[in-house]
Each structure stands twice: as C-alpha cells, then as structure tokens.
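Hello,

Here is the model for your files. Please open it alongside these notes.

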Amino acid sequence: MDSSLPLSPAAEKAALRKKHRAARAEHVASLPQQLRALMLNRPPAPVAEMMPEGLTIGLYAPVGDEAPAFGWARWLSENGRKIALPWFESREAPMEFRLWANPFDEEQLAIGPWGALQPLADAAPVTPAIAIVPLLAFTSEGHRLGQGGGHYDRWLDANPDVPAIGLAWDCQLADTLPIEAHDRILDAVVTPTRIYEGAI
C-alpha cells in the first residue's frame, strides 16, 4: 500500500482516537485527585440557562479518563431537572436513555453491556431535552471525535431536534478533525476553563 496516499476519514479517526486517548490519560493522571473532584462539578451559568427547570437532561456515566459528568447530574437534579443516562439492552441493541431517579444513589445503576454504569432495566425510558455527550477530541467549531462505536451518532441522527453539548478536558481540543456525512456539530463544548459555542 502506498503510504503517501491520504487516509480515509475512518482510518484517520482510528489513528486520532489512539493519540487522543493517550493524551487524555496523561492529562488526567497529572491532575491531583482533589482537583479532579472539584472540576466540572456543575454546569457553568450560561449552560445551565440552556436547561430550564423541569427538563430531562441526558448525561453519561464516565468511563476511565472521560470528563466527569456526575457532578453535573447531582447539581441539575438538586436544581429542578430530571436526569437520564444511556441504557443498552445488549451490545446489539440501540442506545436509549432511561431515567436515573436519584443521582446521589449509584445503587440505582448497574454495569451495562459496554462496561459503563446505566440505569436498572425497570427505569423509565425517556427522550432527554438536551444530551450531554462524552468525546475523545473536539474542535472549537463543535466537531466531535467519539469512541468509534457510533452509538451517539445514531441516537443524535434519530433525534435531530435534541441539542448536544460535549463535556471535555481542555487537552481534548484539536485544531481539525476528519468529518464524515453522519457527523453532527455539537451545539457547545464545555471544558473546565471555557465554553466553545459550536453550532449555537
């Protein structure tokens, strides 16, 4: 194979995932544990204003070095919003969201087919009004590089009216990312120091 030929977007994304996973792990390892607990413990005021009281907000259960989302879950729950998390019946099943009735009680969660915590099977299925999504890398314009499973891409494609906000560490900002037809621009990305307004 001619190594001078440009990579396809899918191949380029695979290479970038490896690079950005390593960079994220190094960044998180450099943060003191106490500091990690304080960062991203609540949505910044301009983002909270995008989520009026009474709405159901879709968040995610962080895995590994992903930006922590449970601080947001608890703050939003205390301030009049309902919380939902991704739920999978099996590895073959599409992603849906189910309510997490009490974000202070992780016993209401179980390990799902992909190794992440998810609501119990009897939790109510919902379509959140806003989805907060994890990512490996993002651009200041709101392009997102995910884990590669396509779960969020398919869910967002099926729910085009639901705004999507990324949650990330500052080190995950990339100058550019390969773009494919199914990639949706995020409405915003929040890091510990900035709000990138993406498609807003």
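Start with helix 5, residues 151-158: H151, Y152, W155 and L156 are buried there. Buried means under 20% relative accessible area, exposed over 50%, and partly exposed in between (1.4 Å probe, protein chains only). Seen down the axis, the buried residues fall within an arc of 120 degrees, so they line one face of helix 5. That arc is taken from the directions that run from the helix axis to the C-beta atoms. R154, D157 and A158 lie on the other side and are exposed. The cover over the buried residues includes strand 2 (82-87), strand 3 (96-99), strand 7 (130-133), strand 9 (144-145) and strand 10 (164-167). Helices (H or I, at least four residues) and strands (E, at least two) are DSSP runs, numbered from the N terminus.

This is a predicted model: local features need pLDDT of at least 70, side-chain atom pairs count only at pLDDT 80 or more, and totals for chains, interfaces and linings use all residues. Residues are numbered from 1 along each chain as its sequence is written, and side-chain values use heavy atoms, with hydrogens and water left out.

Pairing requires at least two DSSP bridges between two strands. Strands 2 and 3 run antiparallel, joined by 4 bridges. W87 stands opposite E96 in strand 3.

How many salt bridges does a search of the whole structure find? There are 2. The criterion is a side-chain nitrogen of Lys or Arg within 4 Å of a carboxyl oxygen of Asp or Glu.

- E106 pairs with R74, with the closest N and O atoms 2.8 Å apart. This links distant parts of the chain: E106 is in the loop between strand 3 and strand 4 (109-111), R74 is in helix 4, and they are 32 residues apart.
- E96 and R98 meet at 3.0 Å, N to O. E96 is partly exposed at 26% relative accessibility, while R98 is buried at 12%.

Best wishes

Methods
Contact means heavy atoms within 4.5 Å.
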